[in-house]
Amino acid sequence: MTTDQPSLFDEAPTPKANDLVEARAKVNELHKLLNQANHAYYVLDDPSLPDAEYDRLFRELSSIESTHPELLTANSPTQRVGAEPLAKFEQVTHEVAMLSLDNAFDDSDMVDFDRRVADRLGVQEDIAYACEPKLDGIAVSLLYENGLLVRAATRGDGSTGENITQNIRTVASIPLKLLGKDHPPILEVRGEVYMPKNSFEALNEKARLKDEKTFVNPRNAAAGSLRQLDSKITASRRLEFCCYSLGRIEGAQLPVEHSEILAQFAQWGFKTNAESKVVLGAQGCQDYYQQLALKRNDLPYEIDGIVFKVNAIEQQQKLGFISRAPRWAIARKFPAQEEMTLLEEVEFQVGRTGAITPVARLKPVFVGGVTVSNATLHNMDEIKRLDARVGDTVIIRRAGDVIPKVVKVVLDRRPVNAQDIEFPKSCPVCDSAVERVEGEAVARCSGGLFCGAQRKEAIKHFASRKAMDIDGLGDKIVEQLVDENLIESFVDLYSLQLDDVAKLERMAEKSAKNLLASIEESKSTTFAKFLYSLGIREVGVATALNLQNHFLDIRVLVKASFEELVAVDDVGPIVAQHILNFFAEPHNQSVIDGLLQSGLTWPKVERKQDNELPLVGKTYVVTGTLNLMGRDQAKGYLQDLGAKVAGSVSAKTHALVAGEKAGSKLQKAQDLGLEILDEEAFINLIKTHGINHES
Ligand code: 5U1
């Protein structure tokens, strides 16, 4: 009989062997601690150790491994940094084929699917379906022997894939050693490796700065990162893994429902999708699809649809497969976010700050749920990087509500007469010289408010809701007023006469009167709104509020030095310089004087005492739709009470204000156990501190 207990008859260990025994025990303990910390950080999004402690344990393990190389194993937490580059990927035969999925494109496809399932099973009652988002990544299969990761493979053609074990070991959310207990001798887990949206943006931004090729979408970035022979490159990319099904199991049994199998996988340390849910019947599937469609843009990863699977494994087995797709699952697709179309023309638009942006005029194409005929090309560097020419076939991407952009040129389809795109040498609107600041990608018209385009944009900004909020002064009216030479700057708005306004196109006398009344009404404002409306570069609503609360008086602000400006919360050297430049410009000085002489006023701003800033030191995040106020208004109230308002939820967030249709931020706040205030609770909070949102 063998036992782990030392025998009385064992020879006494030599000091060296003793040292090794101790080192082995320490290595095992460090593996356990680091694996648990990794799981808490990357899978649960709930760090269990401070970074400094994690680093200390990691260094301790590395140091033991370098003194005792015999204790270094492939599954050590130190081995996630990548290994020696491979010459090529070996082929892997999948013992159980990796399936693909049939697609459903609309509600009726889903109803048909549900009917087929019920008919084949011969059941009358609603079928239970496990549903979850379909991640837009790369399918992989992970093989564990006795709880240790021994092989990872791509899907390939479903029967044969590529061995990408070295690369997969670098993905922090994949357990190298299963957590928990009762690990089957053989377990194959399948799921998707993907790149979260923020990692994708950061990776592309880095590539742009280095003038390198960018990835078209997060899926391509994930694929490109996984198919690297040098796993150190994979290690440098932030990939994640989410499991969605069993490949095979030997020597143990799993639960009898898909949703319970996923719960078991989570126990063993795998990330499963937080949005997963079991619903009943075709109606349940449709409701789930609608809910996820609303959340889609807020999720931290890209999805291209929803996967619905019959939840009972016994029913799955009865249903079986047709060719490579199971009869018990279907992918309900969302509208495509990328399409191909023709680049018909490039126009150059001049913005409020003079930035000249090339805009692609496209043959209209349906993408991301809308018809798109314009897309941004950002700047000249981007046009060069894409190598775009007029006449090219291009790929347009419209993800979420963001402006559609040209992400790729299909070079194979380039016609012989495709034309180079020339950047204008002078402003296309006012003919002033074009300036390009060293190191900046943006070229600007130097005409300032002499340029009609900049003037129009400045006035539109001045009148906008978060600025002077002039009801009825829409973009078209501003354009007419400038084109008819009725106004040159926003000061002139305050001397407009009824006759001037009434002669504009499609302007009835009543509307003209209403517009003049709104202009008059806008004279009572706040210091912060006034500052924001001036359109100083990089001074948004939050910065304007900070400037107001710091300087209290415009006469003090316009004379502030660089040092005084950078002392304001969230004002860095660049913003401070923009503010200085703005107030130093004689034209801007006369605009400010003119506005004040026209009668613009605001209540005196008093310095708040510390006891009037009850939320000082607390960070809030506001998300979702609030019914009784805008999100900016809610943020303003929080700032008035001394709170900091952040854009994303983290362990440092004090509380989340969550309106309707709150998405991933709400989920994250719940996962982190943060305080969550609905609109009513938020209104009560500000009320207890003397703010009434109705007044
Ligand atoms: N979320 C999810 N994606 N996905 C892809 N589940 C899922 N299941 C799949 C595939 C190919 O296949 C199973 C039906 C085995």
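Leu 342 has Thr 393 in β17 as its bridge partner. The two strands concerned, β14 and β17 (residues 393-397), pair in the antiparallel sense over 5 bridges, where pairing requires that DSSP finds at least two bridges between two strands. Strands (E, at least two residues) and helices (H or I, at least four) are DSSP runs, numbered from the N terminus. The model is predicted, so local features need pLDDT of at least 70 and side-chain atom pairs count only at pLDDT 80 or more, whereas totals for chains, interfaces and linings use all residues. Residues are numbered from 1 along each chain as its sequence is written, and side-chain values use heavy atoms, with hydrogens and water left out.

Strand β14 also pairs with β15 (residues 355-367), in the antiparallel sense and over 7 bridges. Within this pair, Glu 347 has Val 359 in β15 as its bridge partner. β14 and β15 form a hairpin with 4 residues between them. In the turn, Gly 354 has a positive phi of about 90°.

Gln 337 is placed in the loop between β13 (329-333) and β14 (338-350). Its relative accessibility is 11%, so Gln 337 counts as buried (under 20% relative accessible area; exposed is over 50% and partly exposed in between, with a 1.4 Å probe and protein chains only). Not counting residues up to four places away in sequence, Gln 337 touches Arg 296, Glu 302, Val 367, Gly 368, Ile 396, Arg 397, Arg 398, Ala 399 and Gly 400, contact meaning heavy atoms within 4.5 Å.

Strand β13 belongs to an open sheet of 5 strands in the order β2-β13-β10-β3-β9, with mixed pairing. β2 (103-104) and β9 (277-280) stand at the edges with a single partner strand each, so one side of each is left without a neighbour in the sheet. Strand β10 (residues 303-310) and β13 run antiparallel and are joined by 5 bridges. Val 307 stands opposite Ala 331 in β13. Helix α9 (residues 281-295) packs on the sheet, touching β3 (128-135), β9, β10 and β13. The direction of α9 makes about 135° with that of β9; axes are lines fitted to C-alpha atoms, for helices over the stretch in contact, and angles run from 0 to 180 degrees between N-to-C directions.

Val 307 is also one of the residues that surround the ligand, which include Leu 99, Leu 101, Tyr 244, Ser 245, Pro 326, Trp 328 and Ala 329 (a heavy atom within 4 Å). A polar side-chain atom of Glu 132 lies 2.7 Å from a nitrogen atom of the ligand. For an N or O atom in the side chain of Lys 309, the distance to a ligand nitrogen atom is 2.9 Å. A backbone N or O atom of Pro 133 lies 3.2 Å from a nitrogen atom of the ligand. On its own the ligand has 380 Å² of accessible area, of which the protein covers 89% (Shrake-Rupley method, 1.4 Å probe). β3, β8 (240-250) and β10 are the elements that give two or more residues to the shell around the ligand.

Leu 149 is placed in strand β5 (residues 148-154) and counts as buried at 1% relative accessibility. The C-alpha atoms of Leu 149 and Lys 177 are separated by 6.1 Å, although the residues are 28 apart along the chain.

Conventions
A polar contact is a pair of N or O atoms within 3.5 Å; within protein, one must be able to donate a hydrogen and the other to accept it, and residues adjacent in sequence count only if both atoms are side-chain atoms.
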